[in-house]
Amino acid sequence: MLAIQKIRLDFPILNQKVNNKPLIYLDNAATSQKPKVVIDAIETYYKTINSNVHRGVHTLSQLATDAYEQTRNKLQNYFNAKHTHEIIFTRGTTESINLVASSFTSLLNKNDEVIISALEHHSNIVPWQLLCERTGAILRVIPMNEKGELVLDSYKKLLNKNTKIVAVSHVSNALGTINPIKEIIDLAHQYDAAVLIDGAQAVPHMQVDFQALDCDFYCASAHKMYGPTGIGFLYGKEKWLHKLPPYHGGGEMIKEVTFEKTTYADLPHKFEAGTPNIAAGIAFGTAIEYLEKIGVSNIATYENELLHYATQEILKVEDVTIYGTSENKASVLSFNIKNIHPFDIGSIVDKLGIAVRTGHHCTQPIMQFFKIPGTVRASFSFYNTKEEITLFIEAVKRAKRMLS
Ligand code: 7TS
């Protein structure tokens, strides 16, 4: 059992009023709030050891480098990567996917195939479209059913000897569906295709083991897992990171530069040009420690309770449609009320201090599938409570009365 009221004290932002009402923050899929230890880690870095990493002989630079590199070690351990140098720091999931899609240019030929899914965030669609435009490769899409689940039989038919990479999300940000990624990975490997998993919405909610999954790439952002914005990672199997050319050129990623030829640094630095977000990188490590302390399996159990309660209560509201009705879901509740625009509901509940996201959630193809302009999305974290959900449902009912 999690001591929720005690945990809430760790998050300074939760203890405030918004629009004169106690804040109820239900937009965790967009970004999670930060515990004080994470905020403090940023401040402490700037107050005590601020300096550039990987280059100075001076003491502060060494301390900053050690603290920054410790996060890489923590990520390796937390996600069970085989090697520390398989963890590449990026600005977040979007940059991680762009890195792989960009570097894959040299490996693809005309008529090779790239598979994504109907459930993807735009950041796991557009980089692959750009890759296909550059190379003449063909983009294929795994379809989904009415519940928002991927149709694996169709996926099996899409796979063939021309499939070079499969890129799918672990958890859908718009619908909450948890995809059967182990099966997706194993099927792709039968055709020697690489698999990239967009884990942005999975890592805050469940334990992920890279070696057990056997994925080739896995991407996530710190800011959705209680860490700062501006930092995330790409996990890549060593063999792939050796095979791919660098993404950005610049300082730090080189071994030797002459005007005739440049040789590249060893992993992971080959993919890390320029001065990184050092403070955020260090605080990301603090966020991982915090998550470990709370325990991700405790989080999953509690968030599941919240999701079930919210689902049961929203279904009592007349004319509600829930989008994303798979049995296997993370704590995302997407819905609409007949004849009411999601934006209008979002605006009214905001006046009552409740933060939800409305719109297409950067997943326009999902909205096209359901033939809707968008949804209201409430996404829950372990610091939310059933009382907050009750207040949210009351607020939705009030919005409905006002707008009907
Ligand atoms: N992939 C998924 C599945 C996501 O949910 C998001 C962000 C991204 C990639 C991009 O992550 P970034 O950190 O690089 O921006 N999703 C959302 C969301 O659902 N609401 O706001 C951002």
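## Basis

Residues are numbered from 1 along each chain as its sequence is written, and side-chain values use heavy atoms, with hydrogens and water left out. In this predicted model, local features need pLDDT of at least 70 and side-chain atom pairs count only at pLDDT 80 or more, while totals for chains, interfaces and linings use all residues.

## Domains

The chain is assigned domain 1 (4-30 + 296-403) and domain 2 (39-293). These bounds come from an automatic or database domain assignment. Taken over C-alpha atoms, the two domain centres are 28 Å apart. Domain 1 gives 36 residues to the contact and domain 2 gives 31 residues; contact means heavy atoms within 4.5 Å.

## Ligand shell

There are 15 residues around the ligand, a residue being near if one of its heavy atoms lies within 4 Å. Thr 94, Asp 198, Ser 221, Arg 357 and Arg 377 come nearest. Each of domain 1 and domain 2 supplies at least three residues to the shell. By class, the shell has 3 nonpolar, 8 polar and 4 charged residues. Here Ala, Val, Leu, Ile, Met, Phe, Trp, Tyr, Cys and Pro count as nonpolar, Asp, Glu, Lys and Arg as charged, and the others, Gly among them, as polar.

Polar contacts are pairs of N or O atoms within 3.5 Å. The side chain of Asp 198 places an N or O atom 2.5 Å from a ligand nitrogen. For His 121, a polar side-chain atom is 3.4 Å from a nitrogen atom of the ligand. Gln 201 has a polar side-chain atom 2.7 Å from a ligand oxygen. On its own the ligand has 490 Å² of accessible area, and the protein covers 86% of that (Shrake-Rupley method, 1.4 Å probe).

## Largest cavity

The structure holds 1 cavity of 30 Å³ or more. A cavity is a set of points, on a 1 Å grid over the protein atoms alone, where a 1.4 Å probe fits but cannot get out. The largest cavity has about 80 Å³ of space, a volume being the space filled by probe spheres set on the points.

Lining residues have an atom within 4 Å of a point. Among them are Asn 28, Gln 201, His 205, Lys 224 and Phe 380. The lining divides into 5 nonpolar, 6 polar and 1 charged. Domain 1 and domain 2 each contribute at least three residues to this lining.

Key: On a 1 Å grid over the protein atoms alone, a cavity is a set of points where a 1.4 Å probe fits but cannot get out, and a pocket is an open set with protein on both sides within 12 Å along at least five of seven lines; lining residues have an atom within 4 Å of a point. A polar contact is a pair of N or O atoms within 3.5 Å; within protein, one must be able to donate a hydrogen and the other to accept it, and residues adjacent in sequence count only if both atoms are side-chain atoms.
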